[in-house]
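Visitor: Could you take me through the aromatic side chains here, one close look at a time? I would like to know where they sit and what they meet.

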Amino acid sequence: RFVFIGKNLDIPFLKETFAACRVTQGLRFPVGTAVEANVGTWERGTILKQWDDGNAYRIKLASSGTECWAPVDVDAYVRAA
């Protein structure tokens, strides 16, 4: 059991992201898949690698070529394009 301490917490989001840290099955997006990454705004990109440095995905953004990471495999960070 975990207890989250703080004010105005987004409890469903915390539970979803915490549960996503448990690896119980494969990740949703294989390498090469077109996705949208949340980098403050949603930007199109491509999955470059799974489980990169403890992050679920490394993603290359289409607009700039910049690489970013999705720390866990939830729609708040990465979603299907």
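Guide: Let's start with Tyr57, which is buried, at a relative accessible area of 0% (buried means under 20%, exposed over 50%, and partly exposed in between, with a 1.4 Å probe and protein chains only). Please keep in mind that this is a predicted model, where local features need pLDDT of at least 70, side-chain atom pairs count only at pLDDT 80 or more, and totals for chains, interfaces and linings use all residues. Residues are numbered from 1 along each chain as its sequence is written, and side-chain values use heavy atoms, with hydrogens and water left out.

Tyr57 belongs to the largest nonpolar core, which has 12 residues in all, including Phe29, Val35, Ile59 and Val78. Such a core is a set of buried Ala, Val, Leu, Ile, Met, Phe, Trp, Tyr and Cys residues joined through side-chain atoms within 4.5 Å. The elements giving two or more residues to this core are β1, β3 and β4, and β3 gives the most, with four residues. (Strands are DSSP runs of E, at least two residues, and helices are runs of H or I, at least four, numbered from the N terminus.)

Now for the rings themselves. A search of the whole structure finds two aromatic pairs; rings of Phe, Tyr and Trp (its six-membered ring) pair if their centres lie within 6.5 Å, and planes under 30 degrees apart count as stacked, over 60 as edge-to-face and the rest as tilted. One of them joins Phe13 and Tyr77 in a tilted arrangement, 6.3 Å centre to centre with 55° between the planes. This pair links distant parts of the chain, with Phe13 in helix α1 and Tyr77 in the loop between β4 (67-70) and β5 (78-80), 64 residues apart. Phe13 is partly exposed, at 27% relative accessible area, and Tyr77 also counts as partly exposed, at 28%.

Tyr57 comes back in a tilted pair with Phe29, at 5.8 Å centre to centre and 50° between the planes. Phe29 sits in the loop between α1 and β1 (34-38) and Tyr57 in strand β3 (residues 55-61), so this pair ties together parts that are 28 residues apart in sequence. Phe29 is buried, with a relative accessible area of 9%.
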